[in-house]
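Work through the exercises below with the model open. Try each task before reading its solution.

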Amino acid sequence: MTQTLTQAVETVQARFDWSQVPVQETARKTELWVEGAGAHRRYPLLGDRYILGRSRTKADIIIDSEIVSGCHAELRRLTPTGVFEIRDLDSTNGLYRGRQKMAVDVLHDGDVLTLGPPELQNGVTLRFVNPPPRWVKGVCYSLYGLLGVSLLAGGSSLPKQRRFLCIPSQPLSKAPLFSSIAKGSR
């Protein structure tokens, strides 16, 4: 019974065009941007599993390119917060991060992958977008702002040993970068 229900849900997901789902513009959304084969599309990743490929019957995200296999890769949600894993499904041309071929990898915000070797002109590029929650951005900007203001306001009056957030293993005047600066300022 569970197996039949799972197959029915996967069949419906395969036939549904996820790129047409209306999502609030202000909502934090995990997306997969597909660029290449004459198209630039954004797919909101609302489900837990997607098949990327050329097959119109088996793929959830259909990529119409001769480089892409029928079922090229699988995208699977690992956590509810939007952590995804991508896995090559023994495709002919493979899955690449830069120039390195890969079989499986966890995706992070801003990751860029290619379906097929990146040297090919008609390659397909995937960009994974998973922005952090707004409160994380707010905390980061606040910390950067406070750190910058504190360094600008009081950094120059601090003793030399206290100006840096780490404790150096040797005096800074003997470190290669700082010794050249110190020699030039004397």
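Predicted model: local features only at pLDDT ≥ 70, side-chain atom pairs only at ≥ 80, totals over all residues.

Residues are numbered from 1 along each chain as its sequence is written, and side-chain values use heavy atoms, with hydrogens and water left out.

**Exercise 1. List the elements of the chain in order.**

Step 1. Take helices (H or I, at least four residues) and strands (E, at least two) as DSSP runs, numbered from the N terminus.
Step 2. Count them: the chain has three helices and 11 strands.
Step 3. Read from the N terminus: α-β-β-β-β-β-β-β-β-β-β-β-α-α.

**Exercise 2. Find the strand order of the open five-strand sheet, and its edges.**

Step 1. Strands pair if DSSP finds at least two bridges between them.
Step 2. The order is β4-β3-β5-β6-β9, and the pairing is mixed.
Step 3. β4 (61–62) and β9 (104–107) each pair on one side only, which makes them the edge strands.
Step 4. Check one pair. β3 and β4 run parallel and are joined by two bridges. Gly-53 has Ile-62 of β4 as its bridge partner.

**Exercise 3. Describe the largest nonpolar core.**

Step 1. Buried means under 20% relative accessible area, exposed over 50%, partly exposed in between (1.4 Å probe, protein chains only). A nonpolar core joins buried Ala, Val, Leu, Ile, Met, Phe, Trp, Tyr and Cys residues through side-chain atoms within 4.5 Å.
Step 2. The largest core has 21 residues. Ile-61, Ile-63, Leu-75, Ile-86 and Leu-126 have the most contacts inside it.
Step 3. β1 (31–36), β3 (49–53), β5 (73–77), β6 (84–88), β10 (112–115) and β11 (124–129) each supply at least two residues of this core. β11 gives the most, with three.
Step 4. Follow Leu-126. Leaving out residues up to four places away in sequence, its contacts (heavy atoms within 4.5 Å) include Trp-33, Leu-52, Ile-63, Ile-86 and Leu-113.

**Exercise 4. Is Thr-114 buried or exposed, and what does Thr-114 touch?**

Step 1. Locate Thr-114: this residue is in strand β10.
Step 2. Thr-114 counts as buried because its relative accessibility is 15%.
Step 3. Beyond four places in sequence, Thr-114 touches Gly-94, Leu-95, Tyr-96, Val-124 and Thr-125.
Step 4. Look at the side chain. A polar atom of the Thr-114 side chain lies 3.1 Å from the backbone oxygen of Gly-116.

Conventions
Polar contact = N/O pair within 3.5 Å; in protein donor to acceptor, adjacent residues only side chain to side chain.
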